[in-house]
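Here are my notes for you, as someone new to this one. Have a look at the picture, then read on.

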Amino acid sequence: MMHAIRMLPSAGEVAMLSSANNEISLRAAATNARNTQLTLQLEGLGARLAAAEQQIQDRETGLEAARAAMLEKDSGLRRLEAHVAALEQQLVIAGQAGKRQDSAMSDLQQQIQQRDQLVQDADRRIADKQRAYNLLHADFANQKAEAAEAVSTAAELEKLVATLQQQ
């Protein structure tokens, strides 16, 4: 049987193996740190991706609502166009009626002018009568004042006569 002789490593080999082991341990620790950092970045990117997907879904929902609103507005615009067309037709009819009324209005304006002349004549006569009334009123007020003065004078004279008669 052969016995294998085992040889013990030398101090240099042990130091070299220890240094290699330390280097491998450091590289493993750096790799673990990098893996942890990449895992955190992936989780952050996953969260950002989920938020972006939610924004896309929200925007698609908003676009769907906007499409529905546009379809409703389009329908409303079509109804308004039909209503405008009907109003335009009514406007044409009203324009024709307006022309007929314009000729009737011309006749009425002539009648109004004739009546305005009558009113002006009546206003002039009323103004003349008002002036005459004002003159009569002023004359009446003057005569009333004179009468009041005459009554006052007569009363004084009666007092004087009464005084003289008593003496």
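**Notes on the chain**

1. Let's start with charge: the chain has 18 positive and 22 negative charges, and their mean positions lie 7 Å apart. Lys and Arg count as positive, Asp and Glu as negative, with His and the chain ends not counted. Each charge is placed at NZ of Lys, CZ of Arg, CG of Asp or CD of Glu.

2. A word on where this comes from: the model is predicted, with local features needing pLDDT of at least 70 and side-chain atom pairs 80 or more, while totals for chains, interfaces and linings use all residues. Residues are numbered from 1 along each chain as its sequence is written, and side-chain values use heavy atoms, leaving out hydrogens and water.

3. Now the overall dimensions. The C-alpha atoms fill a box of roughly 195 × 75 × 20 Å along the principal axes. Between Arg125 and Gln111, 14 residues apart along the chain, the C-alpha separation is 21 Å.

4. How much of the chain is buried? Of its 167 residues, 1% count as buried (under 20% relative accessible area, with exposed over 50% and partly exposed in between, using a 1.4 Å probe and protein chains only). Arg125 counts as exposed because its relative accessibility is 53%.
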